Structure formats: structure tokens, C-alpha cells
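Me: I have a structure open and have not looked at it before. Can you walk me through it?

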Amino acid sequence: MGLIVLSTILSIILGSCVWLVIGDKFPLNEEQKWPVANNIFIYAVCLLVPVYLVIFFTF
């Protein structure tokens with residue numbers, strides 16, 4: 001359970017960092033972009049599995 005919580009928190013933090021670097025990109029190929037919170041959520045969801053796997057195989 002702790003592994004899931006830790007990976008979720010880290011993916012939210014890394015999603016925020018990715019948003020700072022990349023910016024608002026979603027939805028792609030549209031002029032009107034989603035709010036900041038939606039973009040950070042998409043980045044965090046994309047990073048959830050890789051962060052979980054890195055933590056799982058490291059520890």
C-alpha cells in the first residue's frame with residue numbers, strides 16, 4: 001500500500017515538474033488548451049506506471 005501512495009505522490013510532483021518544462025500541450029492540435037490542473041493530471045497519470053516500476057524494482 002505504501003508503494004502505491006509513494007509512487008502516486010512522486011508522479012504528481014514529477015507531473016508538475018514536467019508541466020513546468022513542457023507547458024500546456026493538451027488537447028493536441030487545438031487552439032483552446034485545457035486548464036493547468038488538467039494538464040498536470042495528464043502528465044501525472046502518464047508518469048504513474050514508470051514511477052511505480054522504478055520504485056518497485058529499486059527496492
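**After the first helix**

Reply: This is a predicted model. Just after α1, G23 has a positive phi of about 95°.

Me: How many helices and strands are there in the protein?

Reply: The protein has 2 helices and 0 strands. Its C-alpha atoms fill a box of roughly 45 × 15 × 15 Å along the principal axes.

Me: Back to α1. What span should its residues have?

Reply: At 1.5 Å a residue, the 21 residues of α1 should span 30 Å. The end C-alpha atoms of α1 are 30 Å apart, which agrees.

Me: Which residues of α1 are buried?

Reply: They are S7, S11 and G15. Seen down the axis of α1, the buried residues fall within an arc of 80°, so they line one face of the helix.

Me: Why would residues a few places apart point the same way?

Reply: An α-helix has 3.6 residues a turn, so residues three or four places apart point the same way.

Me: What do the buried residues of α1 pack against?

Reply: They pack against α2, residues 36–58. On the other side of α1, G2 and L20 are exposed.

Me: And I13, where is that found?

Reply: I13 is in helix α1, which covers residues 2–22.

Methods. Residues numbered from 1 in each chain as written. Predicted model: local features only at pLDDT ≥ 70, side-chain atom pairs only at ≥ 80, totals over all residues. Heavy atoms only, no water. Helix = DSSP H or I, 4+ residues; strand = E, 2+ residues; numbered from the N terminus. Expected span 1.5 Å × (residues − 1). Buried < 20%, exposed > 50% of the residue type's maximum accessible area, 1.4 Å probe, protein only. Arc of directions from axis to C-beta. Contact = heavy atoms within 4.5 Å.
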